[in-house]
Amino acid sequence: MKIQRMRLSGEGMNRFFGPLEARIMEIVWEHGDISIKRVHALLDEELSFNTVMTILNRLVEKGHLTKNSSGKGRNKSSHFQPVQSKEQFIQEQTRIVTEGLVQEYGQLVVNHFFDAFEQTDPQLMKLMEERINQWKRENDEI
């Protein structure tokens, strides 16, 4: 699933979701199978039950959650589960973003990655070197 709009100025999950969506996704990822009532209680804010329900249903429409309803009438309840684990989501989104940047801006992206690796964590440069050497070994055998 591809996020339609990534917020470059955001941090963490706020890059991929609005602030309330991000908080709700964190709750669902943590609890796995959760009711609207429980999400509402865990948000610990003055949000209406209907607001929480609307956000959860929008996350279902966007393909991030699944919804199961049970019971009838006043006893009806809906439970939500994440489509992917948080780790799977992050892995997929970073892959999509990286592939898009490389396809569109190639050499610039490579240069910026190396600069960023040096500035943030020199161990990332070692990891990149190891991956390049592995790729060379695998492709020399072909």
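**The salt bridges in turn**

Author: At a relative accessibility of 47%, Lys62 counts as partly exposed, a class that lies between buried (under 20% relative accessible area) and exposed (over 50%), with a 1.4 Å probe and protein chains only. The model is predicted, so local features need pLDDT of at least 70 and side-chain atom pairs count only at pLDDT 80 or more, while totals for chains, interfaces and linings use all residues. Residues are numbered from 1 along each chain as its sequence is written, and side-chain values use heavy atoms, with hydrogens and water left out.

Lys62 joins Glu21 in a salt bridge, with N to O at 2.6 Å; the term denotes a side-chain nitrogen of Lys or Arg within 4 Å of a carboxyl oxygen of Asp or Glu. This pair links distant parts of the chain, 41 residues apart: Glu21 is in helix α1 (residues 19-31), and Lys62 is in the loop between α3 (49-61) and β2 (65-70). Helices (H or I, at least four residues) and strands (E, at least two) are DSSP runs, numbered from the N terminus. Glu21 has a relative accessibility of 10% and therefore counts as buried.

The search of the whole structure finds 3 salt bridges. Another joins Glu26 and Lys86, at 3.0 Å from N to O. Because Glu26 lies in helix α1 and Lys86 in helix α4 (residues 86-120), the pair ties together parts that are 60 residues apart in sequence. Glu26, at 29%, is partly exposed, and so is Lys86, at 26%.

Within helix α4, Glu99 and Arg95 are 4 residues apart, which means a separation of about one helical turn. Their closest N and O atoms are 3.2 Å apart in a salt bridge.
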